[in-house]
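This report describes the architecture of one protein chain for a reader who is new to structural analysis. Please keep the sequence and the structure in view while reading.

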Amino acid sequence: MSADLSTGPAPGSLPAAQQPEWPDPAALADVERQLAALPPLVFAAECDALKERVAAAARGEAFWLQGGDCAETFAGATADAIRGKLKTLLQMAVVLTYGASVPVVKVGRIAGQFAKPRSSGMETRDGVSLPSYRGDAVNDIAFTSEARVPDPRRLLQVYNTSAATLNLLRAHTQGGFADLRQVHEWNKGFLRSGGATTRYEQMARDIDRAISFLHAVGAESETLHRVDLWTSHEQLLIEYERALTRIDSRTGTPYNTSAHFVWIGERTRQLDGAHVDLAARVRNPIGVKLGPTTSPDDALALMDKLDPHREPGRLTFIIRMGAGKIRDNLPPLVEKITASGRQVLWVCDPMHGNTIDVGGVKTRRFDDVMEEVRGFFDVHRALGTVPGGVHVELTGDDVTECIGGAGGLSEPDLKFRYETACDPRLNHQQSLELAFQVAELLAD
Ligand code: PEP
Ligand code: MN
């Protein structure tokens, strides 16, 4: 059926944007061989199960929540930090489930999100220019020339850190940590701590009553105590992603076993490039980021390449236009794709089109983020299509990277806890607030 890794253009023969200049090709090849011999991180059957969930979300029978760091770091993969992100996603999911009245598909930007595309290959500070930091998968964030040299051995650490992270996630999501009542207790704690306005209290009370009702009628099924948490990252470093691609013994077809879901970034979605080609060969559910310059024909051509068999759940478009553009730029895409009779999951990334510079610091305004989400919902509601999910950069920590929200973070606060290795993330409180506001939109 679909192309596998042994057909089509030879590896390395297609232009691949945003790749590091690995200084030692032999060392890279050695790492690739080692990676190729390691066990898969996820299983093909899990990817298939997620694909069914994507298809459900595309039909409006589920809602997609994808979130995590812009860039994971090796040092940041502590038990506390991983738990904090999981807890945040689960808390958001309870609120969204209530608002949407459908299951929430919970997807982390986690256990593999270690490589970054950069708009400029060089970074200049105080007149000194060095190669940009491309994520812990490639080089070190320290601003020295040694630190910025790409080192392929880091790819082995990506694998190991991803495996350790995934191990903890699997343990927590199958145990009491994911218990619905526990998660809702956390949400009540968030409201009591004055984390948000009274506006959300009614919804929290309603959720409380719904949970008590389930308890009272004895509807305490397994599903209230365990959840599925899927992993995802940007499919960026061709050698790493290819080394983790394996033939599924059930079907004889290739899967990228580095994550359940991978997406192609805005900077690497060239139709004839290596990223689209690689994604076209694997059977995972895949995403493509679409920015403000995307034409309807670009989107259709991507669909032809990535989903030629029109398989439900195969393709997700992650829209990142910017708050000021979404209402103008999204309708032509949705209209043309709908008219073609094709189906895709539409997801809103309200982060990447809304990055601003405040005194040399990258930040995002919570209000801009929410305005893009509102625009996304409005466009879909007007066209009768499905606003299927959100994709956000977040952390469970109380960082000060994005401004606004009920906590009132303002520009001078940015200096207190600005810890991201790349783009500014919503903190725990801002993430929950976003979830309550999206739940309101879903319930409308
Ligand atoms: C990202 O998701 O961190 C990213 C780089 O996004 P985009 O490709 O949409 O710019
Ligand atoms: Mn980012």
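Two strands are said to pair if DSSP finds at least two bridges between them. Helices (H or I, at least four residues) and strands (E, at least two) are DSSP runs, numbered from the N terminus. This is a predicted model, in which local features need pLDDT of at least 70 and side-chain atom pairs count only at pLDDT 80 or more, while totals for chains, interfaces and linings use all residues. Residues are numbered from 1 along each chain as its sequence is written, and chains are lettered from A and ligands numbered from 1 in the order in which they are written.

**Overall form**

The chain contains 12 helices and 14 strands. Its C-alpha atoms fill a box of roughly 60 × 55 × 45 Å along the principal axes. The radius of gyration is taken over C-alpha atoms, and the globule rule is 2.2 Å times the number of residues to the power 0.38. For 444 residues a compact globule would have a radius of gyration near 22 Å, and the 21 Å of the chain agrees with this.

A residue is called buried if 20 or more other C-beta atoms lie within 10 Å of its own, exposed if 12 or fewer do, and partly exposed in between, with C-beta atoms placed from the backbone. Of the 444 residues, 48% count as buried. Two residues are in contact if their C-beta atoms, placed from the backbone, lie within 7 Å. Among the contacts with a separation of 6 or more, 77% are between residues 24 or more positions apart.

**The barrel**

How many strands close into a barrel, and in what order? The barrel has 8 strands, in the order β1-β2-β5-β8-β9-β10-β11-β14, and the pairing is parallel. Neighbouring strands of this sheet are turned by 25° against each other on average, direction ignored. Here axes are lines fitted to C-alpha atoms, for helices over the stretch in contact, and angles run from 0 to 180 degrees between N-to-C directions.

Strand β14 illustrates the arrangement. Strand β1 (residues 63-68) pairs with β14 (residues 389-393) in the parallel sense over 5 bridges. Within this pairing, Trp64 has Gly389 as its bridge partner, and Leu65 stands opposite Val390. Strand β11 (residues 345-348) is also joined to β14, in parallel, by 2 bridges; Val347 stands opposite Gly389. Because 5 of the 5 residues of β14 are buried, this strand is largely enclosed by the rest of the structure. Gly389, His391 and Glu393 point one way from β14 and Val390 and Val392 the other way, and all are buried.

Strand β9 (residues 286-290) also has 5 of its 5 residues buried, so it is largely enclosed by the rest of the structure. Both of its faces are covered, with Ile286, Val288 and Leu290 on one side and Gly287 and Lys289 on the other. Strand β8 (residues 261-264) runs parallel to β9 and is joined to it by 3 bridges; Val262 has Ile286 as its bridge partner.

A residue is near a molecule or strand if its C-beta atom, placed from the backbone, lies within 6 Å of it. Around ligand 1 are Cys70, Pro117, Glu234, Gly265, Glu266, Arg267, Lys289, Arg320, His352 and Asp423. This shell has 2 nonpolar, 2 polar and 6 charged residues. Ala, Val, Leu, Ile, Met, Phe, Trp, Tyr, Cys and Pro count as nonpolar, Asp, Glu, Lys and Arg as charged, and the others, Gly among them, as polar.

**A hairpin**

Strands β12 (residues 355-358) and β13 (residues 361-364) run antiparallel and are joined by 4 bridges. One of the partner pairs is Thr355 with Arg364. The two strands form a hairpin with 2 residues between them, and Gly359 in the turn has a positive phi of about 55°.

**Exposure and backbone angles**

Most residues other than glycine have a negative phi, and most peptide bonds are trans. Ser101, however, has a positive phi of about 55° although it is not a glycine; this residue is in the loop between α3 (79-100) and β2 (104-109). Asp126, also not a glycine, has a positive phi near 45° and lies in the loop between β3 (122-125) and β4 (128-131).

The table gives neighbour counts for selected residues.

| Residue | C-beta neighbours inside 10 Å | Class |
|---|---|---|
| Ala301 | 13 neighbours | partly exposed |
| Asp272 | 10 neighbours | exposed |
| Ser101 | 9 neighbours | exposed |
| Asp126 | 5 neighbours | exposed |

Ala301 is found in helix α9 (residues 296-306), and Asp272 in the loop between β8 and α8 (274-281).
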